[in-house]
Amino acid sequence: MDIADLRDRILNQERRALARAITLVESAREDHRAQAADLIDSLRGSGRQALRIGLSGTPGVGKSTFIESFGMMLTAQGLRVAVLAVDPSSARSGGSILGDKTRMERLSRDKNAFIRPSPSQTHLGGVARRTREAVALCEAAGFDVVLIETVGVGQSETVVAEMSDLFLLLLAPAGGDELQGVKRGIMEMADLILVNKADGDLKSAAMRTCADYSGALRLLRKRPQDPEGFPKAMTVSALQEDGLSKTWEEMRTLSEWRKEAGHWATRRADQAQYWFHEELRQALLAKLQTKDAQAVVADLGRKVAAGSVAPSAAADQALAELGITQS
Ligand SMILES: Nc1nc2c(ncn2[C@@H]2O[C@H](COP(=O)(O)OP(=O)(O)OP(=O)(O)O)[C@@H](O)[C@H]2O)c(=O)[nH]1
Ligand SMILES: [Mg+2]
């Protein structure tokens, strides 16, 4: 594959080139990995920057409906919108691929939109890297907004939040007055909480839920990257396309404030470091999984069990034998 040519065509905003490049970054083949790394590196200086929006929510809350309505609103304003997904369990029943293709029918036909479903990779580390690189590719290809969707099941929110400039949490109206068991850590990541389905019979429940979450957000400790009034909870109806332009307005207010206050650049720099540490951790873990490494570990493990070597000394010795440290 001609990487220089692919790069030029991505910079030229050719969607087929973008699709091919994403296929390349998804590949686990070693020669593909090397080419993907070259490509990503050669695009780093493009100087293009998208607004990266992470979006999380439990199954059925309306993520696909929201992305379609919200995306259509943005493309109608002349913005180019890319949609990516982090799906931690590709074995999830029904799968997001078919579901999203049918649910985002209008957006997938829009020439200013690019939708790429999650690849069928099982471990989150692989999906995270692929999505991060796909975000970089979409950015280089001149997209103004990159939406990164994930279904809310724990770890994947962190992955998405760590590659987004803004993080949205989509919630459904709650029956009664209970908060929906949203984990504190996830609440703390959110810049905007959107209570969806605020229409018809659900409207008053949605407004109550929104008030509950506004209260809960006020109790969280203040984050330096927020101006007055953020994070914020609001109601929307993805189905009736209600509250979407207000949502966009809030997102722009927040991102512009962060840019001016210097938080935007700091956050991206912190994220780059976060991913460096993650990659390093993954690489070391992979090194431990090799057959030779397993043999070394098993052997030292037996010695530790027999009491002939102390655990810490055994760990030092293992690192040395694996060539990670000098013996
Ligand atoms: N009343 C109402 N229904 C909605 C709204 N948004 C989505 N729905 C409905 O909720 C159901 C689930 O919507 P999806 O957009 O597929 O939800 P999702 O979060 O993408 O679901 P998964 O992909 O399974 O995680 C569908 O029947 C939608 O029509 C809304 O604003 N109001
Ligand atoms: Mg969906």
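Predicted model: local features only at pLDDT ≥ 70, side-chain atom pairs only at ≥ 80, totals over all residues.
Helices (H or I, at least four residues) and strands (E, at least two) are taken here as DSSP runs, numbered from the N terminus. Residues are numbered from 1 along each chain as its sequence is written, chains are lettered from A and ligands numbered from 1 in the order in which they are written, and side-chain values use heavy atoms, with hydrogens and water left out.

## Around ligand 1

Let us begin with the ligand. A residue is counted as near ligand 1 if one of its heavy atoms lies within 4 Å of it, and 16 residues surround ligand 1. The closest are K63, S64, T65, D199 and A238. Helix α4 (residues 63–76) supplies the largest share of this shell, with 3 residues.

What classes of residue make up the shell around ligand 1? There are 4 nonpolar, 7 polar and 5 charged residues. In this sorting, Ala, Val, Leu, Ile, Met, Phe, Trp, Tyr, Cys and Pro count as nonpolar, Asp, Glu, Lys and Arg as charged, and the others, Gly among them, as polar.

Several polar contacts reach the ligand. A polar contact is a pair of N or O atoms within 3.5 Å; within protein, one must be able to donate a hydrogen and the other to accept it, and residues adjacent in sequence count only if both atoms are side-chain atoms. A polar side-chain atom of S64 lies 2.8 Å from an oxygen atom of ligand 1, and an N or O atom in the side chain of N196 is 3.1 Å from an oxygen atom of the ligand. L239 takes part through its backbone, with an N or O atom 3.0 Å from a ligand oxygen. The protein covers 76% of the 650 Å² of accessible area that ligand 1 has on its own, where accessible areas come from the Shrake-Rupley method with a 1.4 Å probe and, for residues, only the protein chains shown count as cover.

Helix α4 also holds T75. The side chain of T75 reaches the backbone oxygen of M72 at 3.1 Å. T75 is buried, with a relative accessible area of 8%; buried means under 20% relative accessible area, exposed over 50%, and partly exposed in between (1.4 Å probe, protein chains only).

## Salt bridges

A salt bridge is a side-chain nitrogen of Lys or Arg within 4 Å of a carboxyl oxygen of Asp or Glu, and by this rule the count comes to 25. Here are three of them.

| Pair | N to O distance |
|---|---|
| E139 and R268 | 3.2 Å |
| R258 and D226 | 2.9 Å |
| R281 and E278 | 3.3 Å |

In the pair E139 and R268, at 3.2 Å, E139 lies in helix α7 (residues 124–140) and R268 in helix α12 (residues 263–289), so the bridge ties together parts that are 129 residues apart in sequence. Both E139 and R268 are buried. These two residues also belong to a salt-bridge network that links R52, E139, D165 and R268.

The side chains of R258 and D226 meet at 2.9 Å. R258 lies in helix α11 (residues 244–261) and D226 in the loop between α10 (203–219) and β7 (232–235), so this pair ties together parts that are 32 residues apart in sequence. R258 counts as buried at 3% relative accessibility, and D226 does too at 5%.

R281 and E278 are 3 residues apart in helix α12, so about one helical turn separates them. R281 is partly exposed at 44%, whereas E278 is buried at 18%.

## Backbone details and cysteines

A cis peptide bond joins F230 and P231, with omega about -10 degrees. P231 is found in the loop between α10 and β7.

Q13, although not a glycine, has a positive phi of about 65 degrees, and Q13 is partly exposed at 35% relative accessible area. E241 is not a glycine either and has a positive phi of about 55 degrees. E241 sits in the loop between β7 and α11 and is partly exposed at 45%.

Taking a disulfide as a pair of cysteine sulfur atoms within 2.5 Å, the structure holds 0 disulfides. C138 is buried at 0% relative accessibility, and C210 is buried at 10%.
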